[in-house]
Amino acid sequence: MTLLLPLEDHFARPGEPLAGAFAERNLFPWIQRRTRPLEDGPAIAARLLAERRPGKRVAYLHIPFCANHCLFCGFYRNRSAEDSMAEYARRLEHDIAMDQAAASGPPIQAVYFGGGTPSALAAADLGRLISAVRRHLPLAPDCEITIEGRVAGFDDDKVDACLEAGANRFSIGVQTFDTGLRQRMGRKATRHEAIAFMERLRDRDRAVVVCDLIFGLPDQSMEMWGDDVMTCLSLGLDGVDLYCLTLHDKSPLALSIAKGSLPPAAGLDRMAAMYGAGLEMLDDAGWRHLNQAHWASATRERNLYNQLVKAGADCLAFGAGAGGLVAGHRYVIQPDVELYGKTIDAGTKPITVVLPPPANRPARDLVMGGLEGGRLDIARLESLTAPGFAAAIEPLLAQWAAAGLVNRRATAVTLTPAGWFWHCNLVGSLFELTDLFMDGGTASAAPSLPPSEGMRYVG
Ligand SMILES: C[S@@+](CC[C@H](N)C(=O)[O-])C[C@H]1O[C@@H](n2cnc3c(N)ncnc32)[C@H](O)[C@@H]1O
Ligand code: SF4
């Protein structure tokens, strides 16, 4: 098949690749705006979940409670309160225990307790939920079990309860170690407390410890950012995430900036420079770059959940607002905590929105999973599209290489530091060109879900 594709629309701009390859970042290339949810979606998802299919599976459990709404965050749903969290934990345990389909499929390779704030739950509830997952779901023997948390409120009893029940990975949102900036963003612990907490976790040496940092916050200087990364390096942790600030519309941060009580967030130039500086420091220190935002210092850090989800593995969802994926269909569990609880009490899993798989899903999964990990196998991409696709996109790959975004390998491309920063743009371009090529020139509609649907695919 030969087909002319509008490759020039996707060319990078000449000049400084890290700061200026494109006019803006394509933040969520996998969210397309046109597809409607399936009318009988919940029944379709329930049927697909009950079918036994080969392939790797992961599980996501959502804890939609937080002590407060941090200014930058788009994930906040409910304020934590002891009684409602205890009742929620009881219902979540029931959700896990009654899921016959989840219990009978292929092994589950990774389990992620995310939020919200799992560490806001009581120690006994954390222990019970992790135990329930291990008792009722067919976990792989080396299953990665992650608990997401924050420093404030994550006491030693809770950490012990998680470890005793079998958690083997903690992902801790530090965001920044700068006390003043932390507190302006709604974080309660000081630098000293955050460091002491991470040291205590590290010194137990019983689980992988990962630290989340955000760059581009208002008032965050290059020096503060350098210190954040350096502090992380000096703590001897197993992994780190460097997240570029997403300024969510209507977030407390966007509102504070709009009314002038905080200065603007960093612009694209500054974001790029911060990412580049962080990448260089971690690379210099010998950390492995596992995906766009994630580095590991130790072999025991695999980042398995994120890697499998990005490559399109089935994701079983539990809890109010959790997002799942089954045979390429994205689905969302009822986000209202009360409604979720009542439906679970009645013995039914409250699946709400379900979207059909995108067009050309195997090729998309390869592009997404591959570029997320820094390498895309072009020969394999051709095998998942149609003969002639590699030749059709060859001038684009050559242009990206000349612009400093990718390196050419025998049958693949790998990302340069600038390519890592712009990887979502490259993913979006290849999605669009794949659809055009396969449709013989007409872009196809693909599923959409607003990022606010509580979907937690991105760690
Ligand atoms: C779902 S949040 C939960 C984290 C945990 N509750 C906490 O408070 O640290 C997971 C991570 O997403 C990142 N994150 C949240 N909002 C973000 C934003 N607006 N831009 C970039 N990263 C963000 C943070 O680094 C955070 O640790
Ligand atoms: S950063 Fe964590 S604690 Fe803060 S609002 Fe978001 S999910 Fe909740």
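Strand E1 (residues 57-63) runs parallel to E4, and 7 bridges join the two. The model described here is predicted. Within this pairing, Val 58 has Ala 110 of E4 as its bridge partner. Strand E4 itself spans residues 108-115 and is mostly covered, with 8 of its 8 residues buried.

E4 also pairs with strand E5 (residues 139-150), again in the parallel sense, over 5 bridges. Between E4 and E5 the chain passes through helix H5 (residues 123-136), giving a β-α-β crossover that is right-handed.

Ligand 1 is surrounded by 17 residues, of which Arg 150, Gly 173, Asp 212, Tyr 243 and Thr 246 are the closest. Two or more residues of this shell come from each of E4, E5, strand E6 (169-175) and strand E7 (208-215). Sorted by class, the shell around ligand 1 comprises 8 polar, 6 nonpolar and 3 charged residues.

At the level of domains, the chain is divided into domain 1, made up of 7-33 + 360-438, and domain 2, covering 41-310. Taken over C-alpha atoms, the centres of domain 1 and domain 2 are separated by 28 Å. The contact between them takes 13 residues from domain 1 and 14 residues from domain 2. On the side of domain 1 that touches domain 2, helix H1 (17-20), helix H14 (361-372) and helix H17 (417-421) each give two or more residues. The residues on this side of domain 1 divide into 7 nonpolar, 4 polar and 2 charged.

Definitions and conventions. Residues numbered from 1 in each chain as written. Chains lettered and ligands numbered in written order. Predicted model: local features only at pLDDT ≥ 70, side-chain atom pairs only at ≥ 80, totals over all residues. Buried ≥ 20, exposed ≤ 12 C-beta atoms within 10 Å, placed from the backbone. Helix = DSSP H or I, 4+ residues; strand = E, 2+ residues; numbered from the N terminus. Pairing = 2+ DSSP bridges. Right-handed = clockwise from strand over helix to strand, strands pointing away. Near = placed C-beta within 6 Å. Nonpolar A, V, L, I, M, F, W, Y, C, P; charged D, E, K, R; others polar. Domains from an automatic or database assignment. Contact = placed C-beta atoms within 7 Å.
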